[in-house]
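Look through the sequence and the model below before reading on. The paragraphs after them go from the whole chain to its parts.

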Amino acid sequence: FGSTATKIQRNPSYSALTSDDINHFKEILGEKNVIQDEDRLLTANVDWMRKYKGSSRLLLQPRSTEEVSQILKYCNSRCLAVVPQGGNTGLVGGSVPVFDEVIINIGSMNNIISFDKVSGILVCEAGCILENLDSFVVNQGFIMPLDLGAKGSCQIGGNVSTNAGGLRFVRYGSLHGNILGLEAVLANGTVLDMLATLRKDNTGYDLKQLFIGSEGSLGIVTKVSILTPPKLSSVNIAFLACKDYSSCQKLLLEAKRKLGEVLSAFEFLDNQSMDMVLTHLEGVRNPLPPSTYDFYVLIETMGSDESYDREKLEAFLLRSMEGGLISDGVVAQDINQASSFWHIREGIAEALMKAGAVYKYDLSLPVEKMYNLVEEMRLRLGQSAKVLGYGHLGDANLHLNISTPQYDDTVLAQIEPFVYEWTSKQRGSISAEHGLGLMKANEIHYSKSPETVNAFLTNPFVILLLGLANDHSMGELGNDHEDIF
Ligand code: FAD
Ligand code: 2HG
Ligand code: ZN
C-alpha cells in the first residue's frame with residue numbers, strides 16, 4: 001500500500017465495536033445486511049487505487065433512509081466512527097476507513113423514485129449507479145448532466161458528495177447547478193428533507209449546497225433530485241493531434257468561440273499519457289499513426305441538427321488545420337469509433353494503475369500555465385518517474401499523474417509540497433474535482449485562507465449539521481478524514 005497515507009493516530013475517544021453493537025445492527029438491518037465476511041470487508045477496506053487501506057470489521061448495507069437514520073443515531077450515541085462508502089471509486093482515499101470505522105454503503109438503496117418527462121427532473125435514491133441512471137434517462141430522451149470513467153461503479157450519492165466533474169462539465173456545469181434537491185441524514189440521525197424538484201427557490205439558505213462536495217463529512221446523502229438535459233440527436237467526436245501545448249490552448253479558445261453552442265467536451269492528453277494507455281490496456285490503438293505527436297485533443301459536439309453540426313465541426317477543423325493548430329485528426333465515423341476514442345481518454349487512470357504506483361494530483365490552474373507544471377515536474381524527477389499530463393482542458397483542470405514502479409518516499413518528497421506550493425502560487429485549487437479525502441485533508445490551506453478554514457471549523461451552522469450531541473468537533477475532519485462525527 002501507498003506510503004503516502006497520512007501518519008495519524010486513531011482518536012481514542014471513539015469506541016471500539018462490540019458484539020452488542022453488532023447484534024443491535026442485526027436488529028435494525030437483518031442478518032444479511034450486516035457484513036462481517038472477510039473477503040467482502042477486504043474489498044471495502046481498500047480503495048480503487050489499492051493505495052489506502054483501513055481495518056474495518058463491519059460493513060452495513062441499509063435499505064432505507066429510516067435504516068440509515070437508525071444506524072447513525074446509534075453510532076452517535078455509542079461514539080462509533082463511521083465512513084460512508086458509495087462505489088468506492090474515489091481517488092483521494094476518502095471512501096475507505098482509516099482505522100476501524102464502520103462502513104456504511106447505501107448501494108442497496110438504488111430505486112428510481114420519479115422522472116418528469118417534461119422537465120427532465122429525476123428523483124432517485126443515492127445508491128443508484130451513474131451508468132444505470134444514464135441508461136434510464138436515455139430511454140426517456142434525456143442524458144445525465146455528468147459522465148465519468150467510473151460511471152459503471154460510482155453511485156450518484158458518491159458523485160454528489162465529491163461534487164464530481166467529469167467529461168460533460170464544460171457543457172452542463174457543476175452539480176451545484178444540476179442538483180435540485182437532496183435528502184441527507186445527519187450524524188445524530190436527523191433526516192433533512194431538501195428533496196425539492198424546483199428550478200427556482202429562493203426561500204432562505206440553500207442548505208443542500210453544503211452537502212455537494214462535502215465528502216460525507218456532514219452526513220449521508222440518501223436521495224437526490226437532478227435536472228437532466230435532453231438527449232440531442234447529433235453527436236460528433238474528433239480525435240486530434242497538436243504539435244505543442246500552446247496549440248492545444250489556442251484550439252480551446254477557438255473551439256469555445258466557433259463551436260460554442262454545440263461544444264460538449266474538450267479533453268487533452270500528452271504523448272506520455274497516450275503511451276501509458278497503449279502499453280497497459282489491451283486492444284487500444286492510436287487512431288493517428290504515426291504516433292509522433294506530443295499532444296492529443298478530444299473534441300465532442302452535441303447538437304440537434306446532424307448536417308449543420310457536422311458542417312460546423314468540419315469547417316472548424318479545416319480552419320484549425322490551415323492555421324497550424326491541429327497537425328492531424330480524425331472524426332469518428334460511427335459509434336464504435338467514437339467509443340474507441342473515449343476509451344483512450346477514459347482509460348488513462350486504469351492504465352496508470354496497471355503500471356504500478358501512482359501519485360495523483362487533480363489541479364485547477366490557469367490554462368496558460370498548466371503544462372509548465374508538468375514540465376517542471378519532469379525536470380525535478382528526471383528518469384525516476386513517468387510524468388503524465390492530461391485532463392479536462394475545457395475546465396482548466398489538469399490531472400498530473402506520476403508513475404513509478406513502486407511507492408517511494410524519496411520520490412514523494414520531490415513532489416510534495418512542491419506541487420501544492422506551485423498551485424497555491426497560481427491561486428489554483430489542489431483539488432479541482434476529486435475532493436480532499438485522506439490524501440489532502442491536511443493540505444487544504446494551499447487552497448483556502450486560514451480565516452476560511454476557521455469558518456469551516458467553527459461555523460455554528462456546520463456544527464449543527466454535524467449533529468454534535470457530544471463534544472466532538474469538526475477538527476476531526478483533518479484527522480479521521482470524513483468520519484462524520
Ligand atoms: P466513493 O468513492 O465511494 O466515495 C467518495 C467520497 O464520497 C467519500 O468521501 C465517501 O465517504 C463519500 N460518499 C460516498 N457516498 C456517499 C453518500 N451517499 N453520502 C455521503 N457521502 C458519501 N471524478 C471526477 O470528478 N471526474 C472524473 O472524470 C472522474 N473520473 C474517474 C475515473 C475513474 C476510472 C475513477 C476510478 C474515478 C474517477 N473519478 C472522477 C473520481 C470519483 O470522485 C468519482 O468516481 C465518484 O464521484 C465517486 O463516487 P463513488 O460512489 O465511487 O464514491
Ligand atoms: C479522469 O478525468 C479522472 O480521467 C481521473 O478524473 C484522473 O486519474 C486521474 O488523475
Ligand atoms: Zn477528471
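How far apart do the C-alpha centres of domain 2 and domain 3 lie? They lie 29 Å apart. This is a predicted model, in which local features need pLDDT of at least 70, side-chain atom pairs count only at pLDDT 80 or more, and totals for chains, interfaces and linings use all residues. Residues are numbered from 1 along each chain as its sequence is written, while chains are lettered from A and ligands numbered from 1 in the order in which they are written.

The chain is divided into domain 1 (4-107), domain 2 (112-227), domain 3 (234-348) and domain 4 (356-446), with bounds that come from an automatic or database domain assignment. Where domain 2 meets domain 3, five residues of domain 2 are in contact with six residues of domain 3; contact means that the C-beta atoms of two residues, placed from the backbone, lie within 7 Å. On the domain 2 side, two of the touching residues are nonpolar, one is polar and two are charged. In this scheme Ala, Val, Leu, Ile, Met, Phe, Trp, Tyr, Cys and Pro count as nonpolar, Asp, Glu, Lys and Arg as charged, and the others, Gly among them, as polar.

The chain has 20 helices and 16 strands; these are DSSP runs, numbered from the N terminus, with helices (H or I) of at least four residues and strands (E) of at least two. Its radius of gyration is 23 Å, close to the 23 Å that the globule rule gives for 485 residues, so the chain is as compact as a globular protein of that length. The radius is taken over C-alpha atoms, and the rule is 2.2 Å times the number of residues to the power 0.38. Of the 485 residues, 47% are buried. A residue is buried if 20 or more other C-beta atoms lie within 10 Å of its own, exposed if 12 or fewer, and partly exposed in between, with C-beta atoms placed from the backbone.

In helix H13 (residues 348-355), the buried residues are Ile348, Ala349, Ala351 and Leu352. Seen down the axis of H13, these fall within an arc of 160°, so they line one face of the helix; the arc is that of the directions from the helix axis to the C-beta atoms. They pack against elements including strand E11 (263-270), helix H12 (335-346) and strand E14 (357-364). Just after H13 comes Gly356, with a positive phi of about 135°.

In helix H14 (residues 367-381), Met370, Tyr371, Leu373 and Met377 are buried. Their arc, seen down the axis of H14, is within 135°, so they too line one face of the helix. The face turned away from that buried side carries the exposed residues Glu368, Glu375 and Leu379. Gly382 follows H14 and has a positive phi, near 55°.

Which residues come nearest to ligand 1? Of the 37 residues around ligand 1, they are Gly86, Gly90, Gly157, Gly158 and Gly216; a residue counts as near if its C-beta atom, placed from the backbone, lies within 6 Å. H13 is one of the elements that give two or more residues to this shell. Around ligand 2 are Gly149, Ile348, Ala349, Lys360, Asp362, Gly391, His399 and Asn401. H13 also supplies at least two residues of the shell around ligand 2.
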